[in-house]
Amino acid sequence: MFRSTKLLGALGAAGLALGAISGSAAADDKFSWYWTGTGASDYMFRGISFTDEDPTVNSYFEFAYDTSSILGTAYLAFWTSNIDNGAYGPWEQDIYAGIRPVTGPISWDIAAWYYLYGARDGADSSDLDYFEFKIGASVTPVTNLTLGVT
């Protein structure tokens, strides 16, 4: 039973990864949203398996607003995954808020991320939750080549 459950989970995650579901829409030219569902054979975060080397299913949802100013696009996003690595689990919810300005040839991504974790056995998950800040820049020097750093 254990092997068949892992096999079915791996096949399901692979199917989701191959047929990544995505969608987007715009109410007008300023507002937009984007959703993606994916799967993978393992969820690795900074070199550690967060699913105990089992399959994972992820969902990403983003609301965006084009400010038509130096701030570029402002966004609020949510990323969710199943996890299971001992202290962490059974889920992770990441919340992002940021802006994507463009200055000359450089596209920026400046954001704050908040990681929330479910906790096992009634433990206090607030010991696991944390903030992180991000700044990234990319440039496209020639068609079909983008260079970036985060």
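This short talk goes through the salt bridges of the structure shown above.

Before I start, please keep in mind that this is a predicted model, in which local features need pLDDT of at least 70 and side-chain atom pairs count only at pLDDT 80 or more, while totals for chains, interfaces and linings use all residues. Residues are numbered from 1 along each chain as its sequence is written, and side-chain values use heavy atoms, with hydrogens and water left out.

A search of the whole structure finds four salt bridges, a salt bridge being a side-chain nitrogen of Lys or Arg within 4 Å of a carboxyl oxygen of Asp or Glu.

Let me take the pair of Glu132 and Arg46, whose closest N and O atoms are 2.5 Å apart. This pair links distant parts of the chain, 86 residues apart, with Glu132 in strand 10 (residues 130–142) and Arg46 in the loop between strand 3 (44–45) and strand 4 (48–49); strands here are DSSP runs of E, at least two residues, numbered from the N terminus. Arg46 is exposed, at a relative accessible area of 57%, where exposed means over 50%, buried under 20% and partly exposed in between, with a 1.4 Å probe and protein chains only.

Now to Asp109, which is buried at 14%. Lys134 meets Asp109 in a salt bridge of 2.9 Å, N to O, and because Lys134 lies in strand 10 and Asp109 in strand 9 (residues 106–119), the pair ties together parts that are 25 residues apart in sequence. Arg100 also forms a salt bridge with Asp109, the closest N and O atoms being 3.8 Å apart. Both partners are partly exposed, Arg100 at 27% and Lys134 at 21%.

Finally, a network of salt bridges links Glu62, Arg100, Asp109 and Lys134.

Note on methods:
Helix = DSSP H or I, 4+ residues; strand = E, 2+ residues; numbered from the N terminus.
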